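Here are my notes on the model you sent over. Have it open in your viewer while you read, and go through the points in order.

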Amino acid sequence: MAGRAALQRSVVSPAGRHRASVILLHGSGDTGPGVRAWIKQVLNQDLVFQHIKVIYPTAPARPYTPMRGALSTVWFDRWKISNDCPEHIETIDSMCQVLTNVIDDEVKNGISKNRIILGGFSMGGGMAMHLAYRYHQDVAGVFALSSFLNKTSAVYQALQKNESVLPELFQCHGTADELVLHSWGEETNKMLKSLGVATSFHSFPNLNHELHKTELEKLSSWIVKKLPVETAMSNE
């Protein structure tokens, strides 16, 4: 059910030659074009790079339990919006398979996995952490904006058995977030760090569950640091 067909995608092409890719996942109830437009509004321009393509997939509509089963464009279902309940692992895992197709399409275009970053806002950041740390540990990095993992997350269980080098995590969170508490994001960061992930955590005072210009500028700089144009050129 959950999107056997290819996901719809909004794409911002690089200004120059395509040498790396970012896959950015929207929050619950949003769309790829929706989060792209939001970023454009905050930055006064697209999140655009000289050599990096930015891909904004849209989650297929599915019944969403926190909305009493109403259809919503969400990456997975949740029992409730809380870090203290079980994960809806069946829907998370099925969407990981669907999103793997988006990664595979980039690889077919000549972009190696270590030149791909996965990330997102809110639920999209949670989805990206599952996708990277459980299925694609060879990507270049992961970012999570206003996101969290549940206390008993399958991500933590997977990393307890892991011995390989893991992608770095870049996290941002507003201290005034009332939907996804700042403490949930902090706890996620501490847990992943204790399991061997190199992490950074940026707090934004008085920011609610939203994007901020400074946050996106920091993210943009981190993306370029993880996916430098020089590395791609030296590999040719």
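**Notes on cavities, a strand and ring pairs**

1. By class, the residues lining the second largest cavity come out as 4 nonpolar, 2 polar and 1 charged. Bear in mind that this is a predicted model. The residues in question are Ser28, Arg78, Ile81, Ser122, Phe148, Leu179 and Val180, and the space inside is about 40 Å³.

2. That cavity is one of 2 in the structure with 30 Å³ or more. The largest cavity has a volume of about 120 Å³. Its lining takes 17 residues, with Phe76, Arg78, Glu87, Phe148 and Asn150 nearest the centre. Sorted by class, that lining has 8 nonpolar, 5 polar and 4 charged residues. Helix α3 (residues 123-135) gives the largest share, 3 residues.

3. Now for strand β6 (residues 116-121), where 6 of 6 residues are buried. Side chains in a regular strand alternate between the two faces of the sheet. On one side of β6 you'll find Ile116, Leu118 and Gly120, on the other Ile117, Gly119 and Phe121, and all are buried, so both faces are covered.

4. Which strands does β6 pair with? Strand β2 (residues 20-25) runs parallel to β6 and is joined to it by 5 bridges; Ser21, for instance, has Ile116 as its bridge partner. Strand β7 (residues 141-145) is also parallel to β6, again with 5 bridges, and here Phe121 stands opposite Leu145. Going from β6 to β7 the chain passes through α3, in a right-handed β-α-β crossover.

5. On to the rings: there are 3 aromatic pairs in the structure. One of them is Trp38 with Phe121, edge-to-face, at 5.1 Å centre to centre and 85° between the planes. Trp38 sits in helix α1 (residues 32-43) and Phe121 in strand β6, so this pair links parts of the chain 83 residues apart.

6. Another pair is Phe148 with Trp184: the ring centres are 5.0 Å apart and the planes meet at 55°, so it counts as tilted. Phe148 is in the loop between β7 and α4 (154-160) and Trp184 in helix α5 (residues 182-194), so the pair ties together parts 36 residues apart in sequence. Phe148 is buried at 5% relative accessible area, and Trp184, at 13%, counts as buried too.

Terms used: Residues numbered from 1 in each chain as written. Predicted model: local features only at pLDDT ≥ 70, side-chain atom pairs only at ≥ 80, totals over all residues. Heavy atoms only, no water. 1 Å grid on protein atoms, 1.4 Å probe; cavity = no way out; pocket = protein on both sides within 12 Å on 5 of 7 lines; lining within 4 Å. Points joined across faces, edges and corners; volume = space filled by probe spheres on them. Helix = DSSP H or I, 4+ residues; strand = E, 2+ residues; numbered from the N terminus. Nonpolar A, V, L, I, M, F, W, Y, C, P; charged D, E, K, R; others polar. Buried < 20%, exposed > 50% of the residue type's maximum accessible area, 1.4 Å probe, protein only. Pairing = 2+ DSSP bridges. Right-handed = clockwise from strand over helix to strand, strands pointing away. Phe/Tyr/Trp six-rings, centres within 6.5 Å; stacked < 30°, edge-to-face > 60°.
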